[in-house]
Amino acid sequence: MNDSAFHYVDGALHVEGVPAASLAEQFGTPLYVYSRDALTRAYRAYADACAGRKATVHVAVKANSNLAVLNVFERLGAGFDIVSSGELARVLAAGGKASNTVFSGVGKSAAEMREALEAGVKCFNVESIPELHALNEVAKSLGKKAPVSLRVNPDVGAKTHPYISTGLKSNKFGVAFGDARATYREARDMANLDVVGIDCHIGSQITEVSPYLDAVDKLLDLVEQIESDGMSIRHVDVGGGLGITYDDETPPDIGDFVRTLLAHFEERGHGQREVYFEPGRSLVGNAGVLLTRVEYLKPGEEKNFAIVDAAMNDLARPAMYEAFHRIVPVIERKASARLYDVVGPVCESGDWLGRDRELAVEQGDLLAILSAGAYGFVMSSNYNTRARAAEIMVDGERARVVREREEVKQLFAGESILPD
Ligand code: LLP
């Protein structure tokens, strides 16, 4: 098991002090279950490694935006990284502060910029010249100066899935490295912008430190040029992207990762520069599981299928990226295991959660899909008019509903039929 918050006691999976089976009985399935302890320990691993340095953790809200999850981080002193005004609203509703929030994203609308400026976000991570102009205009109309950092594309390969690699020239993200210095000069000359930092985000589920060191090297070269052009770069945002163990990946430990990066800033003579981190997956990924019940077992000539009540609409990652999530029984059985494809009820062949998994299961059994805390619920949809799962937070011996299960009537509440 990836994390000791999720462990077996006498063959029964527990989340902290609570048997997973009792959660499924009480709250139904499919069910997302998070561990407060696992969230806390992951955050502390970042914060402890940052202690004594000018380094700040901004939780990437997109990975898991449940208010209770955000609030756990807020209480631990986190900042936030958002990509929409919707995420800003969530941060504020969870007790977070705009002044600790950075606004990333490639396509912020003028309305979103206005909301964020009025709320007082700490920095806009801007990705293009037209966006600089738009932000300058919005700031002018409000009589404000917008704090900006440019997201620079350092053109380093993150060695990850092409859909979640973002730091290459071929990606839509960021200002091209070769254009960055000139773009900074443009920003400097806009009256309602205040250049405060530099930013990059090279990808996600990255399991090595070397691409980050390469990106930092390129960014620091640029910082030196930008400062010689009369701007002062107060912070360097290295983005998120640190990977987790889904299967047999061996990403660096969070503390080692942070210390290696901060040491690299020192080696480069930039030890005093403030460093921002924007982690998502490494904070929440292994702090959540998705519980599901086996509806039917369907033996086949080529494949055996375990048809479960969770589907691609609940957890899209396998269908979207062929992502691997471990699947384990909630109550271990002594019976001999068979190979199953674990699939959902949605009418698509792409609706699978795990392939060729060795499982000893019977109809009605519960399974836990592991490492589902990041990009799980947040990417869920109502495809096939399936109501979205409930979310539970376990804290020691207690379990609380932190998002109620959707009801079908909510799904079409905003729809109407033609009058004639
Ligand atoms: N900062 C920015 C600007 C980002 O775009 C992202 C993620 C993060 C931080 C957080 O990255 P993390 O630490 O979570 O890797 N849906 C995909 C992942 C998409 C990541 C998008 N950007 C998946 O399920 O694997």
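The buried residues of helix 7 pack against helix 6 (129-141), strand 9 (146-153), strand 10 (175-176), strand 11 (193-199) and helix 8. This is a predicted model. Its protein chain holds twelve helices and 21 strands. The radius of gyration is 23 Å, close to the 22 Å that the globule rule gives for 420 residues, so the chain is as compact as a globular protein of that length.

**The whole chain**

- The C-alpha trace spans about 70 × 65 × 40 Å along its principal axes.
- Of the 420 residues in the protein chain, 55% are buried.
- The chain exposes about 17800 Å². Carbon and sulfur atoms supply 48% of that area.
- Take the contacts between residues at least 6 apart in sequence: 70% of them join residues at least 24 apart.

**Helix 7**

- Helix 7 covers residues 180-188, and its buried residues are Ala180, Thr183, Tyr184 and Ala187.
- Those buried residues fall within an arc of 105° when seen down the helix axis, so they line one face of helix 7.

**Helix 9**

- Helix 9 runs over residues 254-267, which makes 14 residues. At 1.5 Å a residue it should span 20 Å, and its end C-alpha atoms are 20 Å apart, so expectation and model agree.
- Its buried residues are Ile254, Gly255, Phe257, Val258, Leu261, Leu262, His264 and Phe265.
- Helices that cover these buried residues include helix 2 (36-50), helix 8 (210-228) and helix 10 (281-284).
- Strands also contribute to the cover, including strand 5 (55-60), strand 12 (235-237) and strand 13 (274-277).
- At the start of helix 9, a side-chain oxygen of Asp253 comes to within 3.1 Å of the backbone nitrogen of Gly255.
- Just after helix 9, Gly269 has a positive phi of about 80°.

**Links between residues 24 apart**

- Val138 sits in helix 6. It counts as buried because its relative accessibility is 6%, under the 20% cut-off.
- Val138 and Arg114 are 24 residues apart in sequence, yet their C-alpha atoms are 6.3 Å apart in space.
- Beyond residues up to four places away in sequence, Val138 touches Ala110, Met113, Arg114 and Leu117.
- Leu67 belongs to helix 3 (residues 67-75). Leu67 is partly exposed, with a relative accessible area of 34%.
- Leu67 and Val91 are also 24 residues apart along the chain, and 7.5 Å separates their C-alpha atoms.
- Leaving aside neighbours within four places in sequence, Leu67 is in contact with Arg90, Ala93 and Ala94.

**His14 in strand 2**

- His14 lies in strand 2 (residues 12-15). With a relative accessible area of 12%, His14 is buried.
- A polar atom of the His14 side chain lies 2.8 Å from the backbone oxygen of Ala12.
- Setting aside neighbours within four places in sequence, His14 is in contact with Ala5, Phe6, His7, Val9, Pro19 and Ala20.

**Backbone exceptions**

- As a general rule, most residues other than glycine have a negative phi, and most peptide bonds are trans.
- Thr29 and Pro30 are joined by a cis peptide bond, with omega about -5°. Pro30 is in the loop between helix 1 (20-27) and strand 4 (31-35).
- Glu322 is a residue other than glycine with a positive phi, near 55°. Glu322 lies in the loop between helix 11 (317-321) and strand 16 (327-329). At 60% relative accessibility, Glu322 counts as exposed.
- Ser371 also has a positive phi, near 55°. Its place is the loop between strand 19 (366-369) and strand 20 (390-395). Ser371 is buried, with a relative accessible area of 2%.

Key: Residues are numbered from 1 along each chain as its sequence is written. Side-chain values use heavy atoms; hydrogens and water are left out. Helices (H or I, at least four residues) and strands (E, at least two) are DSSP runs, numbered from the N terminus. The expected span of a helix is 1.5 Å times one less than its number of residues. Buried means under 20% relative accessible area, exposed over 50%, partly exposed in between (1.4 Å probe, protein chains only). Contact means heavy atoms within 4.5 Å. A polar contact is a pair of N or O atoms within 3.5 Å; within protein, one must be able to donate a hydrogen and the other to accept it, and residues adjacent in sequence count only if both atoms are side-chain atoms. The radius of gyration is taken over C-alpha atoms; the globule rule is 2.2 Å times the number of residues to the power 0.38. Accessible areas come from the Shrake-Rupley method with a 1.4 Å probe; for residues, only the protein chains shown count as cover. The arc is that of the directions from the helix axis to the C-beta atoms.
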